[in-house]
Amino acid sequence: MKFWKRLVLTLEMIKFEHSVFALPFALTGALLAFRASHLAGRVFIGKMLWIVIAMVAARSAAMTFNRILDAEIDARNPRTRSRHIPAGLLSPRFAWAFTAVAVLVFLLAARALNPLCMKLAPIALGLIFFYSYTKRFTTLAHLVLGLSLGIAPAAAWIAVTGSLDWRILWLTAAVTFWTAGFDIIYSCQDYEFDQTEGLFSLPRRFGISGALWIARIFHVTMIGCLAALAFSFELGWLSLAGIGAVILLLLYEHSMVKADDLSRVNAAFFTVNGYVSVLFFLFWAADIYFLGMRA
C-alpha cells in the first residue's frame, strides 16, 4: 500500500495529466506520417500505442528528474516549497527509482518502434534532461523546454516511417515556439525569486512586460509555422479552421495575463493550452482523415 501511495504522489508531483500538452501534436505527426507511408491500419495502430507509451514515459522521466534537481531551489521559493520533495511528502530515492523505470519503459518503446528510434532515444533523453539545468546559465531555457516537446512530432514521424521528412519540422518549430511562449508566461510568477536567486529567465532579463511581448511574438511565430505545415502537406480547410481555433485560444490566453496582474496565469497556462493542443489535433485529424478518404 505504501508503494501505491508513493506512486500516486509521484504522478501528482509531475502533473501526469498534463501529458496532454504535447501528445496531441505527436499524434498529429504520426497521422501525417501514416498518410505519407500508406502503412496497414493494424500496423499503424500498434505504432500509435507505442508512441503514446514512449511520450508519456519520456515526459514522466523528465518531469521527475526536474523535480529532483530543483528540490533545493523549490524549497526556497514560496510558490513551490509545497512541492512533494521539498515538503517531505516524497523521498528523492523513490523519485530516482521512478525516473529509472520511466527511462526503461521509454527505451523499450523506442526499441519496439524501429531501429532508428532506438538509436535516437539516448539523444532525446539527453535533451529533455538537459533542460533542467538550463535556467542556471541561460536565458534561452524556455526555448530548450520548447524543443524538448517540439521533437515529439518529428519523433512520431520517424516512429511510423523509419526516416525523417523535413516538412514535419514545421510542426517541431510550432510546438517549440508555442511551449516557449507559454513557459515565459508561467515563469513571470517567479520574476522576483529569479532575481534573488540569480536564475536565468526572460522575465528576469527583460522584465515582465518585455517577456510577455516576447511570448506574443513566439506565439505569432507558432501560427506561421502551422500555416507553413498545412501548406507543405497540402491540407484542406479543416486544418485552417484548426489554426483559427488556436489563434482564438492564444488571443484569449494573452488577454488573461497582464504585466501588473498575474492572478490568472495558472488558468492561462494549464486550461487554455490544454484546449490548444486537443482542438488542434481534432481539426487536423479530421482533415487528414477526410483528405485520405478523398485520395
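## Helices H8 and H10

The crossing of H8 and H10 is left-handed. This is a predicted model. H8 covers residues 169-187, and its axis comes within 7 Å of the axis of H10. The two axes cross at roughly 155°. That angle is over 145°, the cut-off for this class, so H8 and H10 are roughly antiparallel to each other. The contact of H8 with H10 is made up of 22 nonpolar residues, 5 polar residues and no charged ones.

Gly 181 belongs to helix H8. Its relative accessible area is 0%, so Gly 181 is buried. Its C-alpha atom lies 9.9 Å from that of Thr 221. Along the chain, Gly 181 and Thr 221 are 40 residues apart.

## Trp 213 on H10

Helix H10 spans residues 202-232, and Trp 213 is found in it. Is Trp 213 buried or exposed? Trp 213 has a relative accessible area of 54% and is therefore exposed. The cut-off for exposed is over 50%.

The charged end of Arg 216 sits over the Trp 213 ring, 4.5 Å from the ring centre. Ile 184 is 29 residues away from Trp 213 along the chain. The C-alpha atoms of Trp 213 and Ile 184 are separated by 9.8 Å.

The charged end of Arg 205 sits over the ring of Phe 206, at 4.7 Å from its centre.

Glu 234 lies in the loop between H10 and helix H11, which runs over 237-255. Most residues other than glycine have a negative phi. Glu 234 has a positive phi, near 55°, and is not a glycine. With a relative accessible area of 63%, Glu 234 is exposed.

Two packed helices are described by the angle between their axes and the distance between the axes. Helix H3 (residues 41-69) and helix H6 (residues 115-134) have axes that come within 9 Å. These axes cross at roughly 25°. H3 is therefore roughly parallel to H6, since the cut-off for that class is under 35°. The crossing of H3 and H6 is right-handed.

H3 also meets helix H2, which holds residues 23-37. How do the axes of H2 and H3 cross, and within what distance do they come? They come within 11 Å and cross at roughly 155°. That angle makes H2 roughly antiparallel to H3. The crossing of H2 and H3 is right-handed.

## Aromatic rings

How many aromatic pairs does a search of the whole structure find? The search finds 14. A pair of aromatic rings is described by the distance of the centres and the angle of the planes. For Phe 130 and Phe 137, the ring centres are 6.0 Å apart. The planes of these two rings stand at 50°, so the pair is tilted.

Both members of this pair have a computed accessibility. Phe 130 has 38% relative accessibility and so counts as partly exposed. Phe 137, at 47%, also counts as partly exposed.

Phe 25, Trp 178, Phe 182, Phe 280 and Trp 284 form one cluster.

Definitions and conventions: Residues are numbered from 1 along each chain as its sequence is written. This is a predicted model: local features need pLDDT of at least 70, side-chain atom pairs count only at pLDDT 80 or more; totals for chains, interfaces and linings use all residues. Side-chain values use heavy atoms; hydrogens and water are left out. Helices (H or I, at least four residues) and strands (E, at least two) are DSSP runs, numbered from the N terminus. Buried means under 20% relative accessible area, exposed over 50%, partly exposed in between (1.4 Å probe, protein chains only). Axes are lines fitted to C-alpha atoms, for helices over the stretch in contact, and angles run from 0 to 180 degrees between N-to-C directions. Angles under 35 degrees count as roughly parallel, over 145 as roughly antiparallel, 65 to 115 as roughly perpendicular and the rest as oblique. A crossing is left-handed if the near helix is turned anticlockwise from the far one by less than a right angle, and right-handed if clockwise. Ala, Val, Leu, Ile, Met, Phe, Trp, Tyr, Cys and Pro count as nonpolar, Asp, Glu, Lys and Arg as charged, and the others, Gly among them, as polar. Rings of Phe, Tyr and Trp (its six-membered ring) pair if their centres lie within 6.5 Å; planes under 30 degrees apart count as stacked, over 60 as edge-to-face and the rest as tilted. A charge sits over a ring if NZ of Lys or CZ of Arg is within 6 Å of the ring centre and within 35 degrees of the ring normal.
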